[in-house]
Amino acid sequence: MLAARHVVCALSGGVDSAVAALLLKRRGYQVTGVFMKNWDSLDEHGVCTADKDCEDAYRVCQILDIPFHQVSYVKEYWNDVFTDFLNEYEKGRTPNPDIICNKHIKFSCFFHYALDNLGADAVATGHYARTSLEDEEVFQQKHIKRPEGLFRNRFEIRNVVKLLQAADSFKDQTFFLSQVSQDALRRTIFPLGGLTKDFVKKIAAENRLHHVLQKKESMGICFVGKRNFEHFILQYLQPQPGKFISIEDNKVLGTHKGWFLYTLGQRAKISGLREPWFVVEKDGTKGDVFVAPRTDHPALYRDLLRTNRVHWIAEEPPSALVRDKMMECHFRFFHQMALVCRVLQRRRVPGQREDPAGGAIGLHTSEGPG
């Protein structure tokens with residue numbers, strides 16, 4: 001008789017990962033639960049929220065009768081996620097730490113721990129997403145080190161694993177998985193990919209998982225929690241006072257504590273003004289933030305978006321983009337945004353050698369730049 005496949009499931013202490021572990025066990029796999037502590041944070045009562053989540057994850061393992069492990073990636077999270085977050089803010093950009101956390105922590109640190117230390121055949125998470133592989137195909141995957149060098153693609157036959165949207169379009173989390181590597185996706189199972197959130201809650205209620213079902217869903221940035229974001233970020237970055245300036249007549253409307261605190265398109269809460277104003281441009285040299293009234297102001301819109309080096313989930317850009325230097329795609333820049341049709345155009349990053357897996361792209365409307 002063949003030994004059961006060993007799947008290591010990341011447990012957050014929430015309902016989604018708990019049901020993911022339950023479904024894996026129902027499929028007959030040998031399941032191990034692992035809780036990751038990534039950040040030392042205190043709630044409004046001074047209690048470490050990670051400790052409570054860890055207790056909830058441990059209780060899930062007790063109910064499901066599966067082994068439980070706890071790992072700490074606090075140092076790795078600080079170095080690879082939080083430091084990157086601060087560096088990006090200082091440059092005036094607004095990063096998404098969940099995307100970077102999935103890339104460096106969950107699908108690198110945890111992924112390698114599960115395979116190398118716990119002997120997993122595959123890993124699983126409670127994300128609402130799917131891949132193009134069936135479970136049995138995941139178990140057949142082996143790590144293949146990619147040849148380096150100019151001709152690496154000519155001698156390598158490698159079926160690409162695709163990241164696919166979840167059945168529940170409202171809960172779909174592929175946006176947050178957009179920088180996960182091929183190697184990790186090849187060995188990952190997403191048990192909730194074909195389910196709705198309501199059905200997941202129903203499964204939890206029917207299987208004695210009430211303690212996670214009653215928890216509020218975690219929203220926003222984990223290390224900020226319920227605190228005021230501006231107060232939080234200014235504990236780590238030096239305030240850089242500046243002015244809010246109207247894009248229409250250059251009139252000074254108010255002051256702020258740092259131009260890097262604001263995102264293009266964000267509503268700027270300006271003291272003394274009732275009507276909403278929105279961020280159009282930022283001048284990092286002078287520290288000024290230019291704003292416009294109304295969400296439909298022409299200054300808030302752009303026909304062209306330029307990127308720097310691109311992460312392709314398939315490791316190589318699409319053949320149509322390589323061949324024609326442009327292609328149509330569906331695009332979103334934040335979670336739950338409706339996908340819109342746009343045109344991708346290949347561009348070269350100044351000073352970067354030509355690399356078929358790298359380079360930059362321009363994204364524009366079909367009526368935009370040719």
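Guide: Gladly. Let us begin with exposure: a residue is buried under 20% relative accessible area, exposed over 50%, and partly exposed in between (1.4 Å probe, protein chains only). Asparagine 250 has a relative accessible area of 56%, so this residue is exposed. Please keep in mind that this is a predicted model, where local features need pLDDT of at least 70, side-chain atom pairs count only at pLDDT 80 or more, and totals for chains, interfaces and linings use all residues. Residues are numbered from 1 along each chain as its sequence is written, and side-chain values use heavy atoms, with hydrogens and water left out.

Visitor: Where does asparagine 250 lie?

Guide: Helices (H or I, at least four residues) and strands (E, at least two) are DSSP runs, numbered from the N terminus. Asparagine 250 sits in the loop between strand 8 (242-246) and strand 9 (252-256). Its phi is positive, near 60 degrees, in a residue other than glycine. Arginine 208 is not a glycine either, and has a positive phi of about 60 degrees. Arginine 208 belongs to the loop between helix 7 and helix 8 (210-213) and is exposed, at 57% relative accessibility.

Visitor: Is aspartate 288 buried or exposed?

Guide: Aspartate 288 has a relative accessible area of 7%, so this residue is buried. You will find aspartate 288 in strand 12 (residues 288-293). Contact means heavy atoms within 4.5 Å. Leaving aside neighbours within four places in sequence, aspartate 288 touches Lys243, Ile245, His256, Glu281, Lys282 and Asp283.

Visitor: How do I read two helices that cross?

Guide: Axes are lines fitted to C-alpha atoms, for helices over the stretch in contact, and angles run from 0 to 180 degrees between N-to-C directions. Angles under 35 degrees count as roughly parallel, over 145 as roughly antiparallel, 65 to 115 as roughly perpendicular and the rest as oblique. Here, the axes of helix 3 (residues 74-90) and helix 4 (residues 97-117) come within 9 Å and cross at roughly 160 degrees. Therefore helix 3 is roughly antiparallel to helix 4.

Visitor: Which residues make the contact of helix 3 and helix 4?

Guide: Helix 3 brings Glu76, Tyr77, Asp80, Val81, Asp84 and Phe85, while helix 4 brings Pro97, Ile100, Cys101, His104, Ile105 and Cys109.

Visitor: How do helix 1 and helix 7 cross?

Guide: The axes of helix 1 (residues 15-26) and helix 7 (residues 197-205) come within 10 Å and cross at roughly 70 degrees. That makes helix 1 roughly perpendicular to helix 7. Val15, Asp16, Val19, Leu22, Leu23 and Arg26 of helix 1 meet Lys197, Val200, Ile203 and Ala204 of helix 7.

Visitor: And what about aromatic rings?

Guide: Rings of Phe, Tyr and Trp (its six-membered ring) pair if their centres lie within 6.5 Å; planes under 30 degrees apart count as stacked, over 60 as edge-to-face and the rest as tilted. This structure holds 20 aromatic pairs. In one of them, phenylalanine 85 and phenylalanine 229 are edge-to-face, 6.4 Å centre to centre with 90 degrees between the planes. Phenylalanine 85 is in helix 3 and phenylalanine 229 in helix 9 (residues 229-233), 144 residues apart, and the pair links these distant parts of the chain. At 1% relative accessibility phenylalanine 85 is buried, whereas phenylalanine 229, at 24%, is partly exposed.
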